[in-house]
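Dear colleague,

Please find the structure below, handed over for your records. My notes on selected residues follow it.

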Amino acid sequence: LESIASREGIKILFTGASGCPPLLGVQSLRGEETIRRHNCFQLNDRIARYVDENKIPGVLLIGRWSYYTGNSSGKEDWNPIAKGDVASFPATIETSRADLEYAVDKTMAQYTAKGVKVFVAEDNPQQPMDPILALRRSKGTVESINAWAVSRNEHAVRQNLPNALLNKAVRFYGATPISFDSVLCERDSCPFVEGDQFLYFDDDHLSVTGSSRIEPVLRASMASLWESIK
């Protein structure tokens, strides 16, 4: 994003917190101490107020959406969320999914009502293990490391629920979805390694190399925003 801003001659602001979707009206249930230190509800409320008060023309929502719908990578990998500013226990996968849908709708409605362009980055492929484990299990070649990578079909299956939820709101509010599958997946798989460089930092976060690969997609997908503010 910094590289894009430099090339386009614009300014960007970034904020976020671990396990905190960039959405209004929900709290990330990671324990009372974490909520006290990293209050998602209050953070995103402050962001929305800042966007409004400073006439920010566009926002890019980035999150590991499947983290809040449950079982995102074939294992118990779920961060529950719930409506409101306080910890709401117990939450279930079903209530977390419903509240994510509520929050996506609320967020897009509030931003678009103010004339803010909304862009939504879909999840990048989630790998079944960390790159270092794939390397340890491999023969040291690119092909043997990539043999442990998630298949394109499995990636599509895992993202079906969160993408359907996001795209429903995207269509209704006229937001712009951004998918990185075209550059992170090839033929039948979404590889760990390309050109002798790891594309992943861990099982779901991209490395510097992986992030560089998605830059052209980000820049092209958000071209309408760049042109509107020049």
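In these notes, contact means heavy atoms within 4.5 Å. The model is a predicted one, in which local features need pLDDT of at least 70 and side-chain atom pairs count only at pLDDT 80 or more, while totals for chains, interfaces and linings use all residues. Residues are numbered from 1 along each chain as its sequence is written, and side-chain values use heavy atoms, with hydrogens and water left out.

Glutamate 194 belongs to strand β6, residues 193–194; helices (H or I, at least four residues) and strands (E, at least two) are DSSP runs, numbered from the N terminus. With a relative accessible area of 18%, glutamate 194 is buried, since buried means under 20%, exposed over 50% and partly exposed in between (1.4 Å probe, protein chains only). When neighbours within four places in sequence are set aside, glutamate 194 has contacts with Val183, Glu186, Leu199 and Arg213. The side chains of glutamate 194 and arginine 213 are also joined by a polar contact of 3.2 Å. Such a contact is a pair of N or O atoms within 3.5 Å; within protein, one must be able to donate a hydrogen and the other to accept it, and residues adjacent in sequence count only if both atoms are side-chain atoms.

Two backbone angles also deserve mention. Most residues other than glycine have a negative phi. Lysine 55, not a glycine, has a positive phi of about 55°; this lysine is in the loop between α3 (40–53) and β2 (58–62) and is exposed, at 67% relative accessible area. Arginine 187, likewise not a glycine, has a positive phi of about 50°. Arginine 187 sits in the loop between α8 (181–184) and β6 and is exposed, with a relative accessible area of 67%.

Yours sincerely
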